[in-house]
Amino acid sequence: MNDRENDLVKARPQISPKSISENMSNDERFQNSTLRPVIKLQSPLLIAAFRNYIAKRKNVFYDLSLEKRIDYIENAIHKDMKFRNSLKGMIIGQFTVEEYSHYITNSSAINKRMMNIVKERFISNVQLFQKNTILEAI
C-alpha cells in the first residue's frame, strides 16, 4: 500500500501549534499548517535553485548592493514566471492529495502567500548567496 500521505507529513519540520488558531481564515491556517513546514523542508532545494538562477544570469547578483540584491530577489520571484513556476512545483510536489485539493480551490491567493514566504526566506538568508558560499557548496 502507498503510504505517501503519511510519509510526506512525517518528513516535515514541526511548527509551533500556537501559530494555528480557531479564528484564522482557511488560507492562513493552510499557510501555517502546510506551506510553512513544506517551505522549511524544501529550503535547501529552493536556495540551490536560486543559486542556479543567479549563475544562469552571469552572476550579476554578486555585484549588487544589499538593497539591489533584495530587489533582484523580488523581481526573480514575482516577475520571472518560469522561475516562479519552478519554485511552486518544488513546494506543491510535497502536498498530500487533500492539501492539493484545498490548494486548487484558491490557488491564486495561496500562490501569493507561498511566494511571499519564499521571498522572505531568501531575503532573510541573503548572506547564503555570496560568491564564496557557492564555491564552498560545490
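**Exercise 1. At what angle do α2 and helix α6 pack, and how far apart are their axes?**

Start with the model. It is predicted, so local features need pLDDT of at least 70 and side-chain atom pairs count only at pLDDT 80 or more, while totals for chains, interfaces and linings use all residues. Residues are numbered from 1 along each chain as its sequence is written, and side-chain values use heavy atoms, with hydrogens and water left out.

Step 1. Locate the partners: α6 covers residues 107–124, and α2 covers 26–56. Helices are DSSP runs of H or I with at least four residues, and strands are runs of E with at least two, numbered from the N terminus.

Step 2. Read the geometry. The angle is about 45°, and the axes lie 9 Å apart. Axes are lines fitted to C-alpha atoms, for helices over the stretch in contact, and angles run from 0 to 180 degrees between N-to-C directions.

Step 3. Classify the angle. Under 35 degrees counts as roughly parallel, over 145 as roughly antiparallel, 65 to 115 as roughly perpendicular, and the rest as oblique. α2 and α6 are therefore oblique to each other.

Step 4. List the contact (heavy atoms within 4.5 Å). From α2 it includes Phe30, Leu35, Ile39 and Phe50; from α6 it includes Ile110, Met114 and Ile117. By class, the contact residues are twelve nonpolar, two polar and six charged. Ala, Val, Leu, Ile, Met, Phe, Trp, Tyr, Cys and Pro count as nonpolar, Asp, Glu, Lys and Arg as charged, and the others, Gly among them, as polar.

**Exercise 2. Which residues of α2 and α4 meet?**

Step 1. Name the residues. α2 brings Leu35, Val38, Ile39, Gln42, Leu45, Leu46, Ala49, Phe50 and Tyr53; α4 brings Phe83, Leu87, Met90 and Ile91.

Step 2. Sort them. Twelve are nonpolar, one is polar and none is charged.

**Exercise 3. Which residues line the largest pocket?**

Step 1. List them: Ala49, Asn52, Tyr53, Lys56, Arg57, Asp80, Lys82, Phe83 and Ser86.

Step 2. Assign elements. α2 and α4 (81–92) each give two or more residues. α2 gives the most, with four.

Step 3. Sort by class: three nonpolar, two polar and four charged.

Technical notes: 1 Å grid on protein atoms, 1.4 Å probe; cavity = no way out; pocket = protein on both sides within 12 Å on 5 of 7 lines; lining within 4 Å.
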